[in-house]
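Welcome! Here is a short tour for anyone meeting this protein for the first time. Please take a look at the model before reading on.

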Amino acid sequence: MCGIIGYVGRKDACPILVEGLRRLQYRGYDSAGIAVLDGGKLEVRKKKGKLDEGLVALLRAQPVAGPLGIGHTRWATHGPPSDENSHPHLDQSGKIAIVHNGVIENCDRLKRALAAEGHVFVSATDTEVLAHLIGKHYEAKAASPGAERLTQAVCDALREVIGTYGIAVICSDLPDVMVGARRGSPLIIGIGEGENFLTSDANAIVAHTRQAVFLNDYDVATVTRERFDVQNLGADTAQVQISRLEFEAQDAERGAYPHFMLKEIFEQPRAVENALRGRIDAEGATARFGGLNMSAGELRDVERIVIAATGTSWHAALVGEYLIEELAHLPVEVEFAHEFYNRNAPLQRDTVLLVISQSGETADTLGALREAKRRGHRVLSICNVVGSTVAREADGGIYMHAGPEIGVASTKAFTSMLVILSLLAVHLGRMRMLSVHRALEILRGLEAIPKQIESLLAQTAAIKKLALKYAQARDFFFLSRGYTYPIALEGALKLKEISYIHAEGYSAAEMKHGPIALIDPATPTVFLVPKDSMYEKTMANLAMIRARKGPIIAVATEGDTDIASACDDVIYLPATQEPLYPILATIPLQLFAYEIAVARGCDVDKPRNLAKSVTVE
Ligand code: G6P
């Protein structure tokens with residue numbers, strides 16, 4: 001949610017900032033801007049709209065150059081998308097520029113106080129208030145030397161602020177200084193040679209450096225071209241650890257694919273292999289994980305698991321509930337992360353909170369994690385982004401190793417989550433009652449998944465045909481029961497996210513208790529009906545839709561000879577173990593949503609109103 005990039009070095013900052021913003025666009029894309037210190041003067045260029053049509057076009061007409069600068073790509077919170085509300089924002093003197101992710105909650109009060117002192121604001125944003133506050137403290141510190149003066153002004157301003165922030169600040173008095181700070185919004189220092197970076201996301205700097213420091217909450221960093229210093233607003237010393245960024249810059253590039261989403265759909269065989277790599281213990285008929293930081297005895301003593309997540313990750317959590325309850329006989333409750341921590345949900349002793357997050361930065365999910373930790377519960381995480389806040393704050397965790405996911409609609413991260421949850425269920429199950437035989441069936445089933453996904457991807461042309469047939473529908477249902485019920489929810493979410501067609505995911509069984517009233521010949525239903533233990537019941541539900549003349553696209557298992565005559569169109573899945581159908585059934589639904597969105601001319605990678613990583617509550 002909003003992306004930040006900052007550069008200090010000897011090169012021209014502008015192309016580095018613009019390229020960084022290009023890689024950050026998936027974090028927000030309603031406007032973009034940069035501030036560059038050009039000949040001792042702060043030059044700001046910012047524009048509503050997507051990067052190329054907005055900022056890049058503006059820079060062509062009004063170029064800027066200089067070796068210090070900050071940039072921002074925005075997802076609006078305070079104030080609608082507009083040129084004025086775009087970042088960077090300046091302070092009253094025009095000497096200080098700031099980019100900001102997050103929300104300043106007490107901004108109205110601060111703004112009133114500053115206005116009473118004569119400050120004049122030109123935008124509706126909370127960020128401009130923070131810029132003015134920093135500027136005010138900077139003026140008050142005229143006696144302090146250079147960089148120290150700016151850093152202290154930032155610290156003093158942040159002490160007055162309630163809310164969340166990841167910021168980068170520059171000042172026209174200081175041609176070799178950037179100050180960054182974080183609370184609740186990620187910020188990373190990229191360490192180069194004779195140059196340094198600040199960014200909200202390693203993607204933006206990985207082409208320049210592999211050395212990075214992931215800042216912690218309340219850290220304030222002073223970054224020059226040769227060095228960086230970190231202090232912490234809440235502690236005597238800051239914990240600074242230099243990490244290596246492991247992925248390649250081209251992992252985050254689109255290559256020959258027309259969209260990141262399609263690229264990431266096609267990366268799923270490899271992503272599943274990466275999620276499985278080294279984790280199958282065939283001899284012990286179990287799975288193994290390096291980072292859970294819990295002994296077998298401690299895991300054995302877990303009495304209950306609460307899984308907290310949002311969006312697509314929440315759908316993965318629902319599949320996790322089915323998996324862990326069946327294979328490990330452990331009670332699982334799935335919570336929207338925000339509902340969980342805002343309502344003070346009771347947690348029994350011996351309950352572990354498991355949080356699932358692709359980005360590891362979702363504010364709601366972090367809120368759940370911190371609430372459970374505050375209450376003394378152990379928290380485990382499943383994350384994709386290495387070094388993310390969730391991964392660092394959890395007591396133990398499992399990385400997906402799916403590689404950077406750039407498309408806003410989550411695809412490969414989702415199937416990776418399902419793979420890891422399957423492994424985790426086997427691991428927990430084998431400590432309890434899961435037989436060697438059943439565990440091996442699941443593990444072998446998992447090993448076959450990458451090839452099976454490939455066979456589904458080979459059906460893209462047929463799925464596209466189907467998508468074109470239904471692309472003009474105004475409403476859709478996605479229905480299923482059992483293990484694939486959460487996939488019906490996910491299929492509906494994918495479609496609405498990127499094609500803006502109204503789609504409802506529902507339990508096929510629950511349908512008859514109300515929503516069936518909406519079925520008519522213009523409302524197609526995607527029915528997930530694999531050959532599993534629910535098959536007959538789901539088929540009976542399917543017949544109810546058919547009887548009301550609702551068009552039906554079935555997702556069924558190869559060899560099912562009854563299905564074709566019961567519906568309008570069929571997509572066939574290879575046969576697998578019942579708990580693994582969610583992974584396979586997801587693939588055609590991703591392709592279906594993608595092809596419909598493309599057919600409707602939607603911007604698949606940057607759907608309206610959405611952001612990939614939502615770092616505000
Ligand atoms: C946002 C995205 C969703 C994503 C959700 C959770 O809402 O638009 O696609 O599923 O956040 O993200 P996370 O990074 O925590 O998995």
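## Contacts and overall form

A contact means heavy atoms within 4.5 Å. In the protein chain, residues 24 or more positions apart account for 71% of the contacts with a separation of 6 or more.

This is a predicted model, in which local features need pLDDT of at least 70, side-chain atom pairs count only at pLDDT 80 or more, and totals for chains, interfaces and linings use all residues. Residues are numbered from 1 along each chain as its sequence is written, and side-chain values use heavy atoms, with hydrogens and water left out.

The C-alpha trace of the protein chain spans about 80 × 55 × 40 Å along its principal axes. You can pick out 18 helices and 26 strands in the protein chain; these are DSSP runs (helices H or I, at least four residues; strands E, at least two), numbered from the N terminus.

How much of the protein chain is buried? Of its 617 residues, 63% are buried, where buried means under 20% relative accessible area, exposed over 50%, and partly exposed in between (1.4 Å probe, protein chains only).

## A stop at arginine 22

Arginine 22 sits in helix α1, which covers residues 13-24. With a relative accessible area of 33%, arginine 22 is partly exposed.

Setting aside residues up to four places away in sequence, arginine 22 touches Leu51, Asp52 and Val56. Lysine 50 is 28 residues apart from arginine 22 along the chain, and their C-alpha atoms are separated by 9.7 Å.
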